[in-house]
Amino acid sequence: MMRKKQTKIMVIVLSVLLGLGGCGSFGASKGYKDYTVKKEQYVAEYTEQYDYWDVVTVEYPILSGIDGEQTEAINKTLYDMAMEKVNYWHLTPNEEVKALQEEYSIYSSDVHCNVGFHSQYLLSVGFQEAYAPVSPVYYVHMTQRCANINLMTGEQYQLADIFKIDDSFMELWCKQLEADGNYDGVITNDEDVRETFAAWFLGEDKEAEESYIFTPFFYIDENKDFVIGISYDPKVNKIAGNVPKDNSFFGHFAAADLEPLRTESEFWELYDKSENTGEVVECEELRENIWLGDNASVWDYWKERQ
């Protein structure tokens with residue numbers, strides 16, 4: 001009789017423990033709802049630390065309200081991505097950039113971030129940047145990049161993680177950009193163009209990579225549709241003057257059109273269950289970049305030259 005009672009007690013205890021474990025797992029599977037993404041800004045203006053002037057304004061997001069060690073990793077990922085070009089061209093230059101810095105008169109960079117999609121599982125952040133090595137009067141480049149992060153693990157998803165980058169993908173991408181007409185005469189939906197861009201997306205054009213840094217990106221908007229593109233940022237030997245240069249190609253895609261191109265990534269399970277949650281708080285004192293901000297005189301200068 002005593003053994004039967006002990007057995008029953010053990011069964012009850014195990015059931016409770018398993019139940020608690022199940023509840024914990026179930027709770028985690030629900031993701032996070034009450035979290036905040038607060039935008040901040042890094043500012044440096046004429047610091048006198050360099051032989052040239054520097055004017056830098058970088059907006060970046062800070063995540064809070066998420067339990068777990070991944071919060072620190074996520075915030076580091078977001079900050080490092082926001083500062084990517086500032087680090088490359090200004091703060092932590094390689095030897096080639098150090099040599100170019102001797103020709104700098106002003107280094108300027110203006111970065112803005114947009115948090116369009118924030119669900120219980122996923123955070124999608126887009127960074128848009130105008131930057132000017134050497135001088136903002138003659139050398140202005142514009143670029144973008146994106147971070148798409150699993151809030152529960154801190155993992156960042158790349159474009160190739162979630163889509164099969166094959167000819168079907170490139171055909172859809174080129175067709176959409178051609179239809180948009182934003183790159184008239186540059187992007188056409190033919191085999192040679194698709195092959196060239198596929199090599200850029202997949203990192204297989206080693207000759208081009210001697211002159212450019214290729215960054216495929218995707219961004220989820222508030223309707224769960226996608227912006228997909230690629231930036232080709234110049235290295236020292238391809239810094240261009242004359243006119244401001246946009247170094248990104250991108251288009252907007254309906255999620256339904258992309259379904260046949262999905263990989264087996266866990267991203268899609270999270271995406272399909274995602275609903276907009278969390279709160280985005282704007283930067284309280286957003287400084288405008290005096291060289292590359294919306295009202296900067298350099299833009300009027302370029303308009304007058306054209």
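## Ground rules

Residues are numbered from 1 along each chain as its sequence is written, and side-chain values use heavy atoms, with hydrogens and water left out. Since the model is predicted, local features need pLDDT of at least 70 and side-chain atom pairs count only at pLDDT 80 or more, while totals for chains, interfaces and linings use all residues.

The largest nonpolar core holds 37 residues, and Phe163, Trp173 and Phe226 have the most contacts inside it. A core here is a set of buried Ala, Val, Leu, Ile, Met, Phe, Trp, Tyr and Cys residues joined through side-chain atoms within 4.5 Å. Buried means under 20% relative accessible area, exposed over 50%, and partly exposed in between (1.4 Å probe, protein chains only). Among the elements that each supply at least two residues of this core are α6 (167-180), α7 (191-202), β6 (212-220) and β7 (226-234). Helices (H or I, at least four residues) and strands (E, at least two) are DSSP runs, numbered from the N terminus.

Take Phe163: leaving aside neighbours within four places in sequence, its contacts (heavy atoms within 4.5 Å) include Phe169, Phe226, Ile228, Leu258 and Trp268. Apart from this core lies another, of 33 residues, with Tyr52, Val56, Tyr107 and Tyr131 among them.

## Strand β7

How many of the residues of β7 are buried? The count is 9 of 9. In a regular strand the side chains alternate between the two faces of the sheet. Here both faces are covered, with Phe226, Ile228, Ile230, Tyr232 and Pro234 on one side and Val227, Gly229, Ser231 and Asp233 on the other.

β7 pairs antiparallel with β6 over 9 bridges; strands count as paired if DSSP finds at least two bridges between them. Phe217 has Gly229 in β7 as its bridge partner. The β6-β7 hairpin has 5 residues between the strands, and Lys224 takes a positive phi near 70° there. β9 also runs antiparallel to β7, joined by 6 bridges, with Ser231 opposite Ser248 in β9.

## Salt bridges

There are 12 salt bridges, each a side-chain nitrogen of Lys or Arg within 4 Å of a carboxyl oxygen of Asp or Glu. Glu84, Lys85 and Asp233 form a network of them: Lys85 meets Glu84 at 3.5 Å, N to O, and Asp233 at 3.4 Å, N to O. Lys85 sits in helix α3 (residues 84-91) and Asp233 in β7, 148 residues apart. Lys85 is buried at 2% relative accessibility, Asp233 is buried with 2% too, and Glu84 is partly exposed at 30%.
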